[in-house]
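Please examine the structure shown below together with its sequence. The briefing that follows describes selected features, grouped by topic.

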Amino acid sequence: MADIAKDTAASAPRSVYLNDYQPPVWLVEETTLNFELDPDNTLVTNRMQVCRNPASSETTADLVLHGTEIELRRLSIDGVEISPDRYRFEGEQLLINGIPDRATVEVETLIHPRSNTALEGLYVSSSMFCTQCEAEGFRRITFFPDRPDVMSRYTVTLIANRQQYPMLLSNGNPVDRGELPNGKHWVTWHDPFPKPSYLFALVAGDLSCQEDRFITRSGREVKLQIYVEHENRQKCDHALASLKQAMQWDEETFGREYDLDIFMIVAVNDFNMGAMENKGLNIFNSSCVLASPETATDADYYNIQSIIGHEYFHNWSGNRVTCRDWFQLSLKEGFTVFRDQEFSADLNSRPVKRIADVNVLRSYQFAQDASPMAHPVRPDAYMEISNFYTVTVYNKGAEVVRMIHKLLGAEGFRKGCDLYFERHDGQAVTTEDFVRAMEDAQGIDLGQFRLWYSQAGTPVITVTDEYDAARQRYTLTLSQACPPTPGQPTKEPFHIPLDTALLDAEGMALPMQLEGAAKRGTDHLMLELREPRQQFIFTGVTTKPTASLLREFSAPVKVQMARSDAELAFLFAHDPDPFNRWDAGQSLAVNVLLKLIEDVQQNRPLSLADSVSAAFRTTLVDPELDAALIAQALTLPSEAYLADQCTKVDVDAIHIAREFMISTLAEHLYDDFLHAHQSLSHDRAYRFDAHDMAQRSLKNLSLAYLLETGTREARGLCSRQLEQSRNMTDTLAALSALVHHDWPERTMWLERFYGKWHGDDQVVEKWLSIRAASRLPDTLQQVQKLLTHPAFRLTNPNKVRALIGRFCQGNPVRFHAADGSGYAFLSEQVLELDKINPQIAARLVSTLSRWKRYDDVRKELMKTELERIRATPGLSKDVFEIVSKSLDAE
């Protein structure tokens, strides 16, 4: 028997719909897997104890097993091999008829890990075996009901050559091991907790193990292990410390204790995602684990801490309670992103974390909401689920959870979480179950709030205000609307929490009393906007206030309120809410930049008002402000964000205007930036803490501004920092600023950097990334040359993201060159990658999804490349879905 299951979706892509969900007809109570590991031919024996699902109304249906790109060698029922007339293939499905209500089904398959460049299922990375099974990778290993609502207990035996693969790891706890002839050995693992197939994992290789332990609040000892390649053994300390911080934080904040005897992390060089929360055996992209001061930046340290936390928190919000179907993906991801955001905020600077999270939302998620790829937090259809691991599902999903937290309060939210985990432990559930637990715990109605899960788009709130001095009444009138999105031309009003304060002329919060409300004297109120138009009247307001709206960004919305530059400057200087203070500065900068963009388009001379420079200087020299907040405030809105503020994107005008403002501020505030850089330059050992990170962020931002002047002094400071730096944060910041300038030392420092670090993959990825981000005119040509450089490998997702992804998605002025060369380059890379790794190809091609927002010339050039891609025979459904939606959007 040698039937091969093939992926036929590319030739006939079809959509899967939420409304078509049916409970599984068959359940798998126990799964016993045996792997005879070989890079070229791995034999997998899968014995399943199956039974009919009493929750299903089907009583005669076939057993449906999923499988793709695997070879069926043997199939038996209750120990008897069955004949081919008992089964048939339909696309990715193996259908078996005549199964008793309870049976043992055994399937033997042959797979080829070394040739698996899609990096889904079981594959080889460097010299180790590893897996990635979310969302539908398990079907590349064996035939199985590969859907998240089929949860089974797994026992796994791994057999391999001892010398090549001394470490044999899987989910759960190790229960047995032994030796075999011919230099082989075996280890058996058992996971006592039922899990869906997407959480299965195995790793086999010659790895170094860094070990620690954690004592849970109930007194159990948990062994902590991080496995890495031997040369990276010294880069695990931060990841281990972050893991222990996450375990303690989850116990203290959510009451969640770890449940196995061992928790393992494995660092893998070839990985499509950041990390994967497989039960007890997390598999991580190496870039999200490895860190030392010499090779990792502050951002790396911060991200590692956050991602370690995120994957650990999934043990409860994703593993113990998982999602019923993939439409519910945000049930685990949105909730867990919220949890990791709170973890990072508690351990570091809460205002800086909030600003960073909102920047991601506004720059990427709002853009997705305004694109042909817009979808609700809980999508209602997909062709390829891998395309829905998006900023909407993750980041907007986290904001939806955050709004529930705002509405219930910290104590009420914790009660809701406790009830959710207690009620649904060991189950596969829905976002509806999550919201209902919150309602039941607090006795509230979140019926209207559920629209956040089912409606796509970014709501826009229009605000007007009126002050009646004689009656001491202040009125806020709020109106909400949400633009049409694909498949949703009209929207119902959302339930929107708006944290609001009223400030006096000194920036102090006034006591707030809503007309008709019992609660008195608070300095801020959570207004709840539910209607298309609503008025909020405040009484006893003795002076005309300035409204501070959407404090801490209490809802993922856009607020439109006519504010003068003077009013924004006041909020920039005085708003006691750190987020709103930063946001006022960003709004002021946007106003200035939009006027400059118009001046560029009209060929008018460019100028920057002294008052703008003065407002920025006030922030820069404010001794009371945290250095990290100053750095955030002085970072201008990105070109991508500015593009979203324009009806028609003028790439060149946006770039010219932003560069002009940066260079003018650099000239006007040169002495202040110089003082900041010099006063914050310290020759001391690297520490990862909020204070030192803040100082480095402002120091390095100051250097970037100084370099824009091109003075000999600034260039000397940059070279001196590169020569004397004792950490990668300062080194990379100086090199990243220098790479934009066509000066002789640029080439020298780039070559010196690569010469020093060419043997470290994570650092080489940084080198590729900064080269791709350069705004110099020949950047595309340099990127094309780097495709054949020894540092680059098209089969490695990190290298692709660093070079191709950074150029196409992070360098708008060069990618959107008027001759269309950037678009042609992208389509060539997408078509080549689609043959190797469709997931990565699909993420790249989404860059073209908003083609209709550009000028007529660029629009046609982008459309031509999209049509070229769609017309290519054998296109994966991953890429087909993105391209088709982009072209077919109205």
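Helix α3 is largely enclosed by the rest of the structure, because 17 of its 19 residues are buried; buried means under 20% relative accessible area, exposed means over 50%, and partly exposed lies in between, with a 1.4 Å probe and protein chains only. This is a predicted model, in which local features need pLDDT of at least 70 and side-chain atom pairs count only at pLDDT 80 or more, while totals for chains, interfaces and linings use all residues. Residues are numbered from 1 along each chain as its sequence is written, and side-chain values use heavy atoms, with hydrogens and water left out.

**Helix α3**

- Helix α3 covers residues 329-347; helices (H or I, at least four residues) and strands (E, at least two) are DSSP runs, numbered from the N terminus.
- From its first C-alpha to its last, α3 reaches 27 Å, close to the 27 Å expected at 1.5 Å a residue; the expected span is 1.5 Å times one less than the number of residues.

- Strand β22 spans residues 281-285, and five of its five residues are buried.
- In a regular strand the side chains alternate between the two faces of the sheet.
- In β22, Leu 281, Ile 283 and Asn 285 point one way, whereas Asn 282 and Phe 284 point the other way.
- Strand β20 (residues 262-268) runs parallel to β22 and is joined to it by five bridges; two strands pair if DSSP finds at least two bridges between them.
- Strand β21 (residues 275-276) pairs with β22 in the antiparallel sense over two bridges, and Met 276 has Ile 283 of β22 as its bridge partner.
- The hairpin of β21 and β22 has four residues between the strands, and Gly 280 takes a positive phi near 75 degrees there.
- Phe 284, which is found in β22, is buried with a relative accessible area of 0%.
- Phe 284 and Met 561 are 277 residues apart in sequence, and their C-alpha atoms are 44 Å apart in space.

**Salt bridges**

- Side chains of opposite charge can pair when their charged atoms come close.
- The model has 75 salt bridges, each defined as a side-chain nitrogen of Lys or Arg within 4 Å of a carboxyl oxygen of Asp or Glu.
- Arg 793 forms a salt bridge with Asp 270, and the closest N and O atoms are 3.2 Å apart.
- Arg 793 lies in the loop between α20 (779-786) and α21 (797-810) and Asp 270 in the loop between β20 and β21, so this pair ties together parts that are 523 residues apart in sequence.
- Arg 793 is partly exposed, with a relative accessible area of 40%, whereas Asp 270 is buried at 5%.
- Asp 692 and Arg 687 form another salt bridge, with the closest N and O atoms 3.0 Å apart.
- Asp 692 is buried, with a relative accessible area of 2%, while Arg 687 is partly exposed at 44%.
- Glu 865 forms a salt bridge with Arg 868, the closest N and O atoms being 3.1 Å apart.
- Both Glu 865 and Arg 868 belong to helix α25 (residues 856-870), where they are three residues apart, about one turn of the helix.
- Glu 865 is buried, with a relative accessible area of 11%, and Arg 868 is partly exposed at 37%.
- A network of salt bridges links Glu 432, Asp 433, Arg 436, Glu 439 and Arg 450.

**Cavity and pocket**

- The model has one cavity of 30 Å³ or more; on a 1 Å grid over the protein atoms alone, a cavity is a set of points where a 1.4 Å probe fits but cannot get out.
- The largest cavity holds about 30 Å³ of space; grid points are joined across faces, edges and corners, and a volume is the space filled by probe spheres set on the points.
- The largest cavity is lined by Arg 746, Arg 771, Ser 774, Asp 778, Thr 779 and Gln 782, where lining residues have an atom within 4 Å of a point.
- This lining has no nonpolar, three polar and three charged residues; Ala, Val, Leu, Ile, Met, Phe, Trp, Tyr, Cys and Pro count as nonpolar, Asp, Glu, Lys and Arg as charged, and the others, Gly among them, as polar.
- The second largest pocket has a volume of about 1200 Å³; a pocket is an open set of points with protein on both sides within 12 Å along at least five of seven lines.
- Of the 44 residues that line the second largest pocket, Arg 14, Val 16, His 66, Gln 93 and Arg 147 are the closest to its centre.
- Strand β5 gives the most to the lining of the second largest pocket, with three residues.
- The lining of the second largest pocket divides into 21 nonpolar, eight polar and 15 charged residues.
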